[in-house]
Amino acid sequence: MRLREFIKDYFLRFWDYETPKVMVVKNKTLGVIYRGVQFLVITYFIWYVFISQKAYQESETRPESSVYTVMKGSAVHGDQILDTVEYARPSEGGDVISTILRREVTYDQRQGTCAEYFDVANANCTTDSDCVQGEVDFNGHGRRTGRCVQYYNHTFKTCEIKTWCPVEEYAVEREPALVEAINFTVFIRNSIHFPKFKVLRGNIKDASNKRDMQKYLNKCHYDEEKEPYCPNFRLGYIADQARENFSELCRTGGVIGVFINWKCNLDLDSSHCKPTYSFRRLDLRKDQANSGYYYRFAKYYSKDGTESRTLIKAYGIRLDVIVHGHAGKFSPIPTIISIVTAMTSIGICTIICDWIMLTFIDKNEIYSERKFDEIIKEPTIHISTELNYINSYGSNHSDLSDGVPL
């Protein structure tokens, strides 16, 4: 029976109509809290939502982008003159380009048999039985022949292997760093397209003719204030902006990210849509096993009718060009949504103050009695109370002041 009465009562209450009743409470503390919360909500929407985040705009965050890079410069290294073909990989690249800063060279390697490097696991031996024929250690340099031989000019022995001889660790020659590379420049051309707004922009300053453009690009270097449209960046400038020591980069190498950020307000003229640049080290410096940047390559030639090679281990800077883009333009739909959200959020002020009034302020029970009324049937006879009710458009407005005895 109780369940049936509960269901019946719930069903009947479901069809009740609720309307807010306006009650003026002349309490300065509550009034200050109410206006203060209103001020915070309105300030948040005006300053952060509309001005900072530009919520009145339709935005695009996935633009189409193209990157083209070229390394420029030459240096004297001993008796050699190095140009971009020697130190840049690739000489003309896309969003990744690297330059060699230091080399470790192993000359005149030939296919043959020689002693394995002694630091390789199980490479040290005393007799042939310590070396398994045909075994390949993937941390080593070749396939073992099964013989135990003298380690070059030393007194101890290691297992013999078939490989390019002599092994790199034994015969390597470490060259000095290419310190002149600090003045090398990298040319970065970037174009970006926002298809939603049909806007195409580039990071190179427009010129009246092609000859003037070429003159400008040959002599300019990027400066955030003076030359924001110059696409030439000195390696020394990039290292400084990434807070890296260039001498240390020459020793270990490193990977630096070049971040091109396009933040465009298309309500303004498109000439105001220009890039900003930031630079950051990408590889982990604290993790010695994973820090730095190097790679190996070889130059092959024929000597006395035998194929030979020069093995080069190159340490350098690798630049990863990463492009981010965001464009916004006024649109009525997000504007209406943001305004409605702001107006709705102001209702939070009433909820907070009602909770404070009914929970913490003195006479909260009397406030509760005045705030919540249940009208079963519209009265036909006027009933006088301590409060004066004003019927207006179906809403009850009461003035509950401090001067009224409660």
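Predicted model: local features only at pLDDT ≥ 70, side-chain atom pairs only at ≥ 80, totals over all residues.
Residues are numbered from 1 along each chain as its sequence is written, and side-chain values use heavy atoms, with hydrogens and water left out.

Is Thr106 buried or exposed? Thr106 is buried, at 0% relative accessible area (buried means under 20%, exposed over 50%, partly exposed in between, with a 1.4 Å probe and protein chains only). Setting aside neighbours within four places in sequence, Thr106 is in contact with Pro166, Glu168, Ala171, Val172, Arg309, Thr310 and Leu311, contact being heavy atoms within 4.5 Å.

## The protein overall

Zooming out, you get ten helices and 21 strands. Of the 406 residues, 38% count as buried. Take the contacts between residues at least 6 apart in sequence: 67% of these join residues at least 24 apart.

## The disulfides

The structure holds five disulfides, each a pair of cysteine sulfur atoms within 2.5 Å. Number the bonded cysteines in sequence order and the pairing reads 1-6, 2-4, 3-5, 7-8, 9-10.

Cys114 lies in strand E8 and Cys165 in strand E11 (residues 157-165), so the pair ties together parts that are 51 residues apart in sequence. The torsion about their S-S bond is about -85°, so this disulfide is left-handed. Both Cys114 and Cys165 are buried.

Cys125 and Cys148 are also linked, S to S 2.0 Å, and with 100° about the S-S bond that link is right-handed. Cys125 belongs to strand E9 (residues 124-125) and Cys148 to strand E10 (residues 143-150), so this pair ties together parts 23 residues apart in sequence. Cys125 is buried at 8% relative accessibility, and Cys148 is buried at 11%. Then there's Cys264 with Cys273, sulfur atoms 1.8 Å apart; that link is right-handed too, with 50° about the S-S bond.

Cys349 is buried, with a relative accessible area of 0%. Cys250 counts as buried as well, at 3% relative accessibility.

How values were computed: Helix = DSSP H or I, 4+ residues; strand = E, 2+ residues; numbered from the N terminus.
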